[in-house]
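Let's take a walk through this model together, one neighbourhood at a time. Keep the sequence and the 3D view open as you read.

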Amino acid sequence: MQKIKSFTRRHGELWKFVKFNFTVIVTSALDIGLYMLLLYTVFRPLNSNSLPDNALLSFLGIRYEGYLYSYLISTTAGYVAAYLMNRRLTFHSDVNPAYSGSLYFLLSAFNILLSSWLGSAAGAVMLEHGVSSAGAQMLAKFIIINIPTLWTYPLERYLIQIKSKRKIKVKEAK
């Protein structure tokens, strides 16, 4: 145990990156698990109900009511869990939650729109090749929802989940 504590002290940035990626795995599992549960059980009767024509939903490839509800609920749960875990466990942020929450909301909205569009494109390719198993859907969703990690980590680390300047100055004075 002492070796782990020593490692985390010496390699603080690497340890934050490891914790961030652990959060990605946990919240991705939450998102995907909840999505599959909702899609194939709770909203199953709505999976064949077509949505009215809407430019945004069409662009994102969202065509059915059951999918829409499952996606919105599971994605929201995943992003909220990621925000809370990263704020408290990964970055130990103490900046005003209104500040970090607002920026995180904007980042999440961008990531959700991009992931939805990528998911639509991947779904079309999978349909074209006759791939429709739940396992293939889960794998595709896992890959797609984790692409934004490339820019999410640096944005959260250096812009969103930061420590307040007041506490940093106190630490430097010691």
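**Around Thr90**

Leaving aside residues up to four places away in sequence, Thr90 touches Lys16, Lys19, Phe20, Thr23 and Met85, where contact means heavy atoms within 4.5 Å. Thr90 is found in helix α4; helices here are DSSP runs (H or I, at least four residues), numbered from the N terminus. With a relative accessible area of 0%, Thr90 is buried. Buried means under 20% relative accessible area, exposed over 50%, and partly exposed in between, using a 1.4 Å probe and protein chains only. The side chains of Thr90 and Asn86 are joined by a polar contact of 2.8 Å. Such a contact is a pair of N or O atoms within 3.5 Å; within protein, one must be able to donate a hydrogen and the other to accept it, and residues adjacent in sequence count only if both atoms are side-chain atoms.

A word on the ground rules: this is a predicted model, in which local features need pLDDT of at least 70 and side-chain atom pairs pLDDT 80 or more, while totals for chains, interfaces and linings use all residues. Residues are numbered from 1 along each chain as its sequence is written, and side-chain values use heavy atoms, leaving out hydrogens and water.

In the loop between α4 and α5 you will find His92. His92 has a positive phi of about 50° although it is not a glycine, and it counts as partly exposed at 42% relative accessibility.

Now turn to helix α7. The buried residues of α7 are Thr149, Thr152, Tyr153, Glu156, Arg157 and Ile160. Seen down the axis of α7, these fall within an arc of 135°, so they line one face of the helix; the arc is that of the directions from the helix axis to the C-beta atoms. On the other side of α7, Leu150 and Tyr158 are exposed. The cover over the buried residues includes α2 (12–42), α4 (65–90), α5 (97–128) and α6 (134–146).

A search of the whole structure finds eleven aromatic pairs. Rings of Phe, Tyr and Trp (its six-membered ring) pair if their centres lie within 6.5 Å; planes under 30 degrees apart count as stacked, over 60 as edge-to-face and the rest as tilted. Phe59 and Trp117 have ring centres 6.4 Å apart and planes at 20°, so the pair is stacked. This pair links distant parts of the chain, with Phe59 in helix α3 (residues 55–60) and Trp117 in helix α5, 58 residues apart.

Terms used: Helices (H or I, at least four residues) and strands (E, at least two) are DSSP runs, numbered from the N terminus.
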